[in-house]
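Subject: Structure handover

Hi,

Here is the structure for you to look over. My notes follow below it.

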Amino acid sequence: MRREVWLPGVALSPLAVALRLLVAARREGIEVDGILYLANAAALAGAPGSFNAVHQPLYSLVLAPLLGLTADPEWLGRVVAAVAGGLWVWPTLWLAHETTDERVAWPAGLLVAVLPAAVDAGTRVLPDTLLVLLTTTTLAAAVWAVRTTSPVGAAVTGAAGALASLAHPVGIGFLALALALLVLAPRWTPSTWPAPRPLATATAVALAAVLVLAPQVAFVRRATGTWSWTGKQLGYTLTFSEHVGAERPVVAAERLTAEVRPEDAPPGALAYARRSPGVLAQRALVNLHLVDKYTLPGLLQSGGIALVALGAVHLRRRRHPPEWLLPVMLVPLAALVLFNVESRYFLPAMPVLAVIAALGVARLGRHRPAEGPAPRVRLGVLVLAVVLLSFVPWLARPWFREDASGIDRAAGRWLRAAGAGPTFLGRYPVVGYYAHARAIPFAAHSLDEALADGRRQGARFLVVDSERLPEIRPDLLPLLAGTARGRDDLQLAHVVEDRAGRRVLIYRIAGAPA
């Protein structure tokens, strides 16, 4: 590997890991999905029969053998995410090397190292950073396999794409794209490259992918009765996504969670599309609007969007080098408009967009000999410096703003110390994680019905909060006053409040089992 590729990698990758670990140390609460990934890791380490097939297994498989090294699995999950996020630099540099002859290693590597959304992803107990590491490796390896006609490159492409599919279902789209690039190689490769061997390379990709995915497919078949690489039922996922565009999306999501069972949803995406084509089309239109309004700013910030726009203008559309492949590599993410368009789901685009942005940095204000003496600092470098400075407040925010999820952790730890027992009343899974108790949702029950159900299941406490409760159960708003007027069966036991004014109130349920 050339010096201009490995030197930025050696310098920037440790910087990226260190930055993510520093920010991770300021996190005060786990993500809801992170609870499930840690539970799956614990199941793999001790009781494989309790593994939940709904979530892809790769992140839990990485965590499982490391659980014995620490008493804090949550911190372990953050460390794994931070290291994987710091390693993004390497496949990003590889991708740049394969798709352009421009010297873009430093700006591309620097962007994936310090973009706020990339840093944030590397601090959460989620598989997102593993997914991006593997999808970027898949794309770079695919172009390398075509350029060299190497069966090893094809095998790496298939294995990386399959592993990406084990990190998140969207990984299968990148595996399919890589396979399509190899099969169609005779139509797009530059004449200076060796003659493509589409059949041989595609076969190597398929064999490697099958070998990696086969155990997961067999496990999903045994657990769900379907042949799939994921335990998620796409028809149910599409049904749940109907909260997108609702007037009160949080309420709609709560209703769908409580009322729609997987067996009641269409079995697959095609069945859902046949049942609700209008709903699907409407959701796609709403999501396109949300991508513009929330997703892109959350993913790139305004400075990152400006850099990507500059890079897109300066993309060369000729065969050699194949820079035009970069926007094509974003195609698998288009399917997300049918589901949900949270910024974290578009993270696999970030390394590709970083390379595009770096092309703009390299070519903006490039000096031409006829223009006289070259300036000391090129315009593109100045723009990059301004954009990087704009990231600083976002990166420094954890040191000046209280983590919003910290209040759930504090409430959960109080419940645990108070002897909450096996359950408590209230749909707060993060509180339940720290309390070591199961949360019983209110669902559509009246307060009296919910209390009766809670007592039957051993609940000693009821938990409400000032942020989510007003949306999902406005009829229970009097509980936020701290006094249950006219009720002798609820006694305020504890209040947790953060600097932003968010409150969690914990009531003791009278008549509950001791």
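How many of the 7 residues of strand β5 (residues 503-509) are buried? The answer is 5, so β5 is largely enclosed by the rest of the structure. Bear in mind that this is a predicted model.

The partners of β5 come next. Strand β3 (residues 459-465) pairs with β5 in the antiparallel sense, over 5 bridges. Val-463 stands opposite Ile-506 there. Strand β4 (residues 490-497) also runs antiparallel to β5, joined by 7 bridges. In that pairing, Gln-491 faces Arg-508. β4 and β5 form a hairpin with 5 residues between them. Gly-501, in the turn, has a positive phi of about 95°.

Now the cores. The largest nonpolar core has 83 residues. Trp-88, Leu-95, Leu-111, Leu-326, Met-329, Met-350 and Phe-391 touch the most other members. Helix α18 (residues 349-363) supplies the largest share, 12 residues. Beyond its neighbours within four places in sequence, Leu-326 contacts residues including Leu-95, Val-352, Ile-356 and Leu-359.

Last, helix α9 (residues 151-167). Its 17 residues should span 24 Å at 1.5 Å a residue, and its end C-alpha atoms are 24 Å apart, which agrees. Ser-150 caps the N-terminal end of α9, with a side-chain oxygen 3.1 Å from the backbone nitrogen of Val-152. Buried residues in α9 include Gly-153, Thr-157, Gly-161 and Leu-166. The cover over the buried residues of α9 includes α3 (58-63), α8 (128-148), α10 (171-183) and α12 (198-224).

Best wishes

How values were computed
Residues are numbered from 1 along each chain as its sequence is written. This is a predicted model: local features need pLDDT of at least 70, side-chain atom pairs count only at pLDDT 80 or more; totals for chains, interfaces and linings use all residues. Side-chain values use heavy atoms; hydrogens and water are left out. Helices (H or I, at least four residues) and strands (E, at least two) are DSSP runs, numbered from the N terminus. The expected span of a helix is 1.5 Å times one less than its number of residues. Buried means under 20% relative accessible area, exposed over 50%, partly exposed in between (1.4 Å probe, protein chains only). Contact means heavy atoms within 4.5 Å. A polar contact is a pair of N or O atoms within 3.5 Å; within protein, one must be able to donate a hydrogen and the other to accept it, and residues adjacent in sequence count only if both atoms are side-chain atoms. A nonpolar core is a set of buried Ala, Val, Leu, Ile, Met, Phe, Trp, Tyr and Cys residues joined through side-chain atoms within 4.5 Å. Two strands pair if DSSP finds at least two bridges between them.
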